[in-house]
Amino acid sequence: MTATTESLERETKLQGLGSSRLRKEDARFIRGKGTYVDDIKLPGMLFGAMVRSPYAHARIKSIDKAKALAVPGVVAVLVADDLKPV
Amino acid sequence: MVNKQTVSFTLNGADVDVVVEPRELLIHTLRERLQHTGPHIGCETSHCGACTVDLNGMSVKSCTVLTVQCQDAKVLTVEGFEQGGALHALQEGFTQEHGLQCGFCTPGMITRAYRLLQENPSPSEEEIRYWMAGNLCRCTGYQNIVKAVQYAANKMSLPRTGT
């Protein structure tokens, strides 16, 4: 916001009422230092991929993980049952 | 892994060498290998422009550029705009004119607007909107982004004072 007579008046007489305030978080965003979730790196991080059902309306009878687990580099295949303890 | 290649280019003025597979995308090299997480991955399909960088004087969406295409190239990312602690006019414009909220699109916006102002130092509002059409923002509604670019255009057109 450039300082106009009007904005100066707001700053002084109205003690800032009605004037735009600069945001303190902008400093990092305009420098590319935002630290969004995808920017975070921690030791041992893995890539994850979702597998969705190809059927719009169906009942899951079973899920066979064997083939997926056999792919080199695959660390885990998680299905609903694996998340039950959580 | 197979067939890795060494690629050398300058990143924001500094020489860098990376060893990559031919399939690796520039955005991944920048973010994963060179710790430049300013350019973001918004869509990975060249729609959103969050990964925009300047490559040899052209705006490119770095999710559609292979790193091996960058041999001897000059790459500029948002991290290269601040010079000696002084913000670039565009960085100043975006904060002064409230051209960002969540900030995810901002690195691409700034890099794209930089290319615009290099080619056309005093663009009209229509020209700004046309040039920025490849960069999506889901927060601001674009009005203040246009103002931010205008702010920078005005500031850059003024004669430099002794800084």
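Thr35(A) counts as exposed because 10 C-beta neighbours lie inside 10 Å, where the cut-off for an exposed residue is 12 or fewer. This residue belongs to a predicted model, and its place in chain A is the loop between helix H2 (26-29) and helix H3 (66-70). Most residues other than glycine have a negative phi.

Gln35(B) is found in the loop that runs between helix H1 (26-33) and strand S3 of chain B, and it counts as exposed because its C-beta neighbours inside 10 Å number 11. The two residues are set out below.

Strand S3 of chain B, at which the loop holding Gln35(B) ends, is part of an open sheet of five strands in the order S2-S1-S5-S3-S4, with mixed pairing. At its edges stand strand S2 (14-20) and strand S4 (58-61) of chain B, each of which pairs on one side only. From one strand to the next, the twist averages 40 degrees.

Within this sheet, strand S1 (residues 5-11) and strand S5 (residues 74-76) of chain B pair in the parallel sense over two bridges, and Thr10(B) stands opposite Lys74(B) in S5(B). Helix H3 (residues 106-119) of chain B packs on the sheet, where it touches strand S3 (52-55), S4 and S5 of chain B, and the direction of this helix makes about 35 degrees with that of S3(B).

**The contact between the chains**

Where the two chains meet, the contact takes 19 residues from chain B and twelve residues from chain A. On the side of chain B that touches chain A, helix H2 (89-96) and H3 of chain B each supply at least two residues, so that H3(B), which packs on the sheet, also takes part in the contact with chain A. The largest share of that side of chain B, four residues, comes from H2(B). Sorted by class, the side of chain B that touches chain A has seven nonpolar, ten polar and two charged residues.

Methods:
Residues numbered from 1 in each chain as written. Chains lettered and ligands numbered in written order. Predicted model: local features only at pLDDT ≥ 70, side-chain atom pairs only at ≥ 80, totals over all residues. Pairing = 2+ DSSP bridges. Axes fitted to C-alpha atoms, helices over the stretch in contact; angles between N-to-C directions. Contact = placed C-beta atoms within 7 Å. Nonpolar A, V, L, I, M, F, W, Y, C, P; charged D, E, K, R; others polar. Buried ≥ 20, exposed ≤ 12 C-beta atoms within 10 Å, placed from the backbone.
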